[in-house]
Amino acid sequence: MIDFHSHLDLYPNPTEVASICHKKGIYVLAVTTTPSAWIQSSKLAPSNSRIRTALGLHPQIAHLRKAELPLFDALVNDTKYVGEIGLDGGSEFSPYWNDQVEVFLYILKKCSHVGGRIMSIHSRRATTPVLNLIKDIPKSGTPVMHWYTGNKTELEFANSLGCWYSIGMPMLSTQKGLEIVRKMPPDMILTETDGPFSKILGKPAMPWDVEQTVNKLAPILGKSSQSTEQLLHDNLKRLVQNII
Ligand code: MN
């Protein structure tokens, strides 16, 4: 199982959740919302576990935490994964749009300077601006669009930039989402929960809930759940093959 976008550090009992993930052998990308959170969050992964911790600065708090960019610089050599980063075009965050762009662009440039990173990217109501910035900094690394909500034209743009997609249950629960997922290249997809923010039946989604996502994805891909799981593992292997 693969949960490529989990806020592991934001569960009420993160150590327990990390330990269960380790026991179940789940591949988890634990994203963080600030560089300072990365320091604690990266300690959650038991040694030899399949949990990796991404260094992030969430667009919704970019204006509050941009003073942590020097800390981002200090930590970026300690990880091959960056996220959650990106832009949020929701009206509640529009007053801080310039801060969001400044932070996202700064991070993309930094990633480029250090040889590229695998990046988990937020693009709510901001797909085109996010893709334009990725295009502007082509050596920033490998973008993995988290909870992609753009349209078909934007999907073609994203594909042309080499974007990957981490797919969660909410994307498979609307007609629009399903249509987009059907158009994604099957060899560029992974699964995610975005837990504990995303909910399943009113409860925070847990990393192992990706099993449901695999089961729902299988008929869309015309595969059994088992071959879907195999495809996702092959994809993950290919994504990280240049990463030590
Ligand atoms: Mn998230």
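What you see is a predicted model, in which local features need pLDDT of at least 70 and side-chain atom pairs count only at pLDDT 80 or more, while totals for chains, interfaces and linings use all residues. Residues are numbered from 1 along each chain as its sequence is written, and side-chain values use heavy atoms, with hydrogens and water left out.

A search of the whole structure gives two aromatic pairs, where rings of Phe, Tyr and Trp (its six-membered ring) pair if their centres lie within 6.5 Å, and planes under 30 degrees apart count as stacked, over 60 as edge-to-face and the rest as tilted. F4 and Y81 have ring centres 6.5 Å apart and planes at 70 degrees, so this pair is edge-to-face. Because F4 lies in strand β1 and Y81 in strand β4, the pair ties together parts that are 77 residues apart in sequence; strands here are DSSP runs (E, at least two residues), as helices are (H or I, at least four), numbered from the N terminus. F4 is buried at 5% relative accessible area, and Y81 is buried at 8%.

Turning to Y148 and Y165, their ring centres are 5.6 Å apart with planes at 80 degrees, so this pair is edge-to-face. Y148 is buried at 3%, and Y165 is buried at 0%.

Finally, R182, in helix α8, is partly exposed at 48%.

Key: Buried < 20%, exposed > 50% of the residue type's maximum accessible area, 1.4 Å probe, protein only.
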